[in-house]
Amino acid sequence: MKNLRIGIFAVVMLLYIWFPFNMIRQTEQVLKHGNVYRFQLQPIDPYDAFRGRYVSLFYGNQEIPSSDSLLSGQEVYITLQRDSLGFANFKNIYTEKPTQQDYLTTNVLYFNNGLVTIEIPENMAYYYMNEQSAPEVEKLVMFPMPSDSLQEIHSSVDIRILNGNAVVEELYINDLPVKTYLKQQ
């Protein structure tokens, strides 16, 4: 009986160790082998006591035309396309995994008059930063330059996508990685 308890305890401990390492391995696989898509966005930097400092990423158009009637919360697969400037946009919505192109796994927020509004997966919604840099990015985004200023602020983000999973790779301010931009300011 004592050996059984020790065996069960060992299995539970292995699962506790395996789970975080598996999540890290999956993220590293996406970053290493995933295709890069750059999205234009408008970040806003809130503070969350549990998550720390991060930039919340707001993507442009989350609505995709669909002839299928979809339900809120339904899992769907979104394909992507690049525009003439090289920025990514959501292209088509499918209820089954596409086989010949990159796709993003997500859920339907709501369906109305042939337009599906999708949920941005949580691993695409935030860019984490250190405590000192995040307020600087917040100032850049929340308080734009005066109208008489010649400087324009725009932001984008590189997302790597592999087998429906997405990972934020880099945040850009005026086409510079955010850390480089902050050093130049």
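Q: Which strand does Ile-173 lie in?
A: Ile-173 is part of strand β11. Helices (H or I, at least four residues) and strands (E, at least two) are DSSP runs, numbered from the N terminus. Before we go on: this is a predicted model, where local features need pLDDT of at least 70, side-chain atom pairs count only at pLDDT 80 or more, and totals for chains, interfaces and linings use all residues. Residues are numbered from 1 along each chain as its sequence is written, and side-chain values use heavy atoms, with hydrogens and water left out.

Q: Is Ile-173 buried or exposed?
A: Ile-173 counts as buried, because its relative accessibility is 0%. Buried means under 20% relative accessible area, exposed over 50%, and partly exposed in between (1.4 Å probe, protein chains only).

Q: How many residues separate Ile-173 and His-154 along the chain?
A: They are 19 residues apart along the chain, and their C-alpha atoms are separated by 5.8 Å.

Q: What is the phi of Asn-174?
A: Phi of Asn-174 is near 50 degrees, a positive value in a residue other than glycine. Asp-175 also has a positive phi, about 65 degrees, and is not a glycine. Most residues other than glycine have a negative phi.

Q: Switching to the whole chain. How many helices and strands are there?
A: The protein chain has 4 helices and 12 strands. It has 185 residues, of which 35% count as buried.

Q: What share of the contacts is between residues 24 or more positions apart?
A: They account for 62% of the contacts with a separation of 6 or more. Contact means heavy atoms within 4.5 Å.

Q: Now the sheet. What is the strand order?
A: The 5 strands run in the order β4-β8-β7-β5-β6, in an open sheet with antiparallel pairing. The edge strands are β4 (63–65) and β6, and each pairs on one side only. The twist averages 50 degrees from one strand to the next. Two strands pair if DSSP finds at least two bridges between them.

Q: How many bridges join β5 to β7?
A: 5 bridges join β5 (residues 75–82) to β7 (residues 103–112).

Q: Which residue in β6 stands opposite Leu-80?
A: Phe-90 does. Gln-81 stands opposite Asn-89, and Arg-82 stands opposite Ala-88. The hairpin of β5 and β6 has 5 residues between the strands, and Gly-86 there takes a positive phi near 95 degrees.

Q: What else does Phe-90 touch?
A: Not counting residues up to four places away in sequence, its contacts include Phe-39, Ile-64, Ile-78, Leu-104 and Ile-118.

Q: Which residues touch the most other members of the largest nonpolar core?
A: Phe-39, Phe-90 and Ile-159, out of 36 residues in that core. β11 gives the largest share, 4 residues. A nonpolar core is a set of buried Ala, Val, Leu, Ile, Met, Phe, Trp, Tyr and Cys residues joined through side-chain atoms within 4.5 Å.

Q: Last topic: how many aromatic pairs does the structure hold?
A: It holds 1 aromatic pair. The rings of Tyr-77 and Tyr-103 have centres 5.7 Å apart and planes at 80 degrees, so the pair is edge-to-face. Rings of Phe, Tyr and Trp (its six-membered ring) pair if their centres lie within 6.5 Å; planes under 30 degrees apart count as stacked, over 60 as edge-to-face and the rest as tilted.

Q: Why does the pair tie together parts that are 26 residues apart in sequence?
A: Because Tyr-77 lies in strand β5 and Tyr-103 in strand β7. Tyr-77 is buried at 9% relative accessible area, and Tyr-103 is buried at 10% relative accessibility.

How values were computed
Axes are lines fitted to C-alpha atoms, for helices over the stretch in contact, and angles run from 0 to 180 degrees between N-to-C directions.
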